[in-house]
Amino acid sequence: MTQQVIHPMLKMQRQVHSLVKAQIIKPTDKIWKIALLYGDDWPHWKQELLEFGFTMQDPIGDLLAVEVWDED
């Protein structure tokens, strides 16, 4: 039996999606807004997002639109 490992960014994306579904944040909000929810872990996630080409001014909807998190 093979166990598939979930990419950390996919896990974060799912958490952000649940926040949007719960109407805590909106897809049109800027990515920096999730910093308030991640607290001390935010510097790590911010760096990850920057490495994937996001800016903190991009809408959260752009983050949710990613289908595959490849690290080429």
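A residue is termed buried at under 20% relative accessible area, exposed at over 50% and partly exposed in between, with a 1.4 Å probe applied to protein chains only. The structure is a predicted model, in which local features require pLDDT of at least 70 and side-chain atom pairs count only at pLDDT 80 or more, while totals for chains, interfaces and linings use all residues. Residues are numbered from 1 along each chain as its sequence is written, and side-chain values use heavy atoms, with hydrogens and water left out.

Aromatic pairs were assigned to rings of Phe, Tyr and Trp (its six-membered ring) with centres within 6.5 Å, planes under 30 degrees apart being stacked, over 60 edge-to-face and the rest tilted. In one of them, the ring centres of Tyr38 and Trp45 are 6.2 Å apart and the planes lie at 55 degrees, so the pair is tilted. Tyr38 is buried, with a relative accessibility of 14%, and Trp45 is buried at 14%.

The rings of Phe54 and Trp69 also form a tilted pair, because their centres are 6.2 Å apart and their planes lie at 45 degrees. This pair links distant parts of the chain, 15 residues apart: Phe54 is in the loop between helix H3 (42-51) and helix H4 (60-64), and Trp69 is in the segment after H4. Helices are DSSP runs (H or I, at least four residues), numbered from the N terminus. Both Phe54 and Trp69 are buried, and together with Phe52 they form one aromatic cluster.

His44 lies in helix H3 and is partly exposed, with a relative accessible area of 45%.

Technical notes
Helix = DSSP H or I, 4+ residues; strand = E, 2+ residues; numbered from the N terminus.
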